[in-house]
Amino acid sequence: MKVFIVTPENPGGTSGNSITATRWAGILRALGHEVALGTEWQDQKCNLLVALHARRSYSSIDRFRTAYADHAVIVALTGTDLYHDLQVSHEARRSLVLATRIIALQNLAGAELDANDRDKLRIVYQSAKPPGQTERPRDDCFEVSVLAHLRDVKDPLRAASASTALPSQSRIAIHHAGKAMDPKWKALAVEESRINPRYHWLGEQTHEQAIRLLARSRLTVLSSLMEGGSSTIAEAVVCGVPILCSKISGNAGMLGPDYPGFFPVEGTAELTALLRRAESDANFLLTLRSAMEVFRSRFTPEREAESWMKLLQELA
């Protein structure tokens, strides 16, 4: 089968959509299919269109469905799709009407869809692999990583803000890997690094560099306002690194609603308290790690490949 994957960001980049598209291409090739990727479908010959992002990929979905009414279209939903665009964008909703199947990355996504779309929905958990070499925690600080590009929806400086209320004896250091998506966020990160001795913005890193940072961290923080299914959670689970994250549907759909490392959206004081507890209470870190470990099998490459194989068998 010839498959074309549409992704809003350039394939090979460090955005979540780019990483997902590249990984899915590898899975589909390993299953014996011919795969091409691009930011737009431009009449390339294929039997199946896989489109990440219902709104931003709408033009490709609409033109493909017009050209090939009998060919399958799979639409993969992102966080902004599920928790914003489907409520306000006709194009996002129309993409789901045109879809043969819909993919979501966590098991609470169906609550955002109507009954017709829910029938098309399949959950495909993202997989992750730890780095190729063992990473050891730093001895000179209690390193907390943040893996997030700097943009509004990620609330990327929340950990930095929370760190300013830590007691002076705390050894916590926030190391943040992520690209500033506009000049405003670059200026904010540079200024925060200047005035906050606990915060260090590393700028954009390769995926391998970011995973190595994560794997050596004693803790990682994900403070997003919305997520469709965070790759950072999958990566933290397989690396065995405890995670503190905002209690939003996309995160609860991956870790379960009772995960003990949640804090409220924009909850600076609550995050400060969790950071203090994580640094001072080894049992709390073990509790977080144990709560994550039960989900490890969700995020294996074998599980993701099996989900894709079953989905393609349905379409066949």
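A: Strands β7 (residues 142-147) and β8 (residues 172-177) pair in the parallel sense over six bridges. Pairing requires that DSSP find at least two bridges between two strands. Strands (E, at least two residues) and helices (H or I, at least four) are DSSP runs, numbered from the N terminus.

Q: Which residue of β8 does Phe 142 stand opposite?
A: Phe 142 stands opposite Ile 172.

Q: What is the order of the strands in the open sheet?
A: The order is β9-β8-β7-β10-β11-β12, with parallel pairing. The edge strands, β9 (199-203) and β12 (262-263), each pair on one side only.

Q: Before I continue, what kind of model is this?
A: It is a predicted model: local features need pLDDT of at least 70 and side-chain atom pairs count only at pLDDT 80 or more, while totals for chains, interfaces and linings use all residues. Residues are numbered from 1 along each chain as its sequence is written, and side-chain values use heavy atoms, leaving out hydrogens and water.

Q: Changing topic, where does Thr 7 lie?
A: Thr 7 lies in the loop between β1 (2-6) and α1.

Q: Is Thr 7 buried or exposed?
A: Thr 7 counts as buried because its relative accessibility is 0%. Buried means under 20% relative accessible area, exposed over 50%, and partly exposed in between (1.4 Å probe, protein chains only).

Q: What is Thr 7 in contact with, leaving aside neighbours within four places in sequence?
A: Its contacts (heavy atoms within 4.5 Å) include Asn 17, Ser 18 and Leu 52. Asn 17 and Ser 18 are also among the buried residues of α1.
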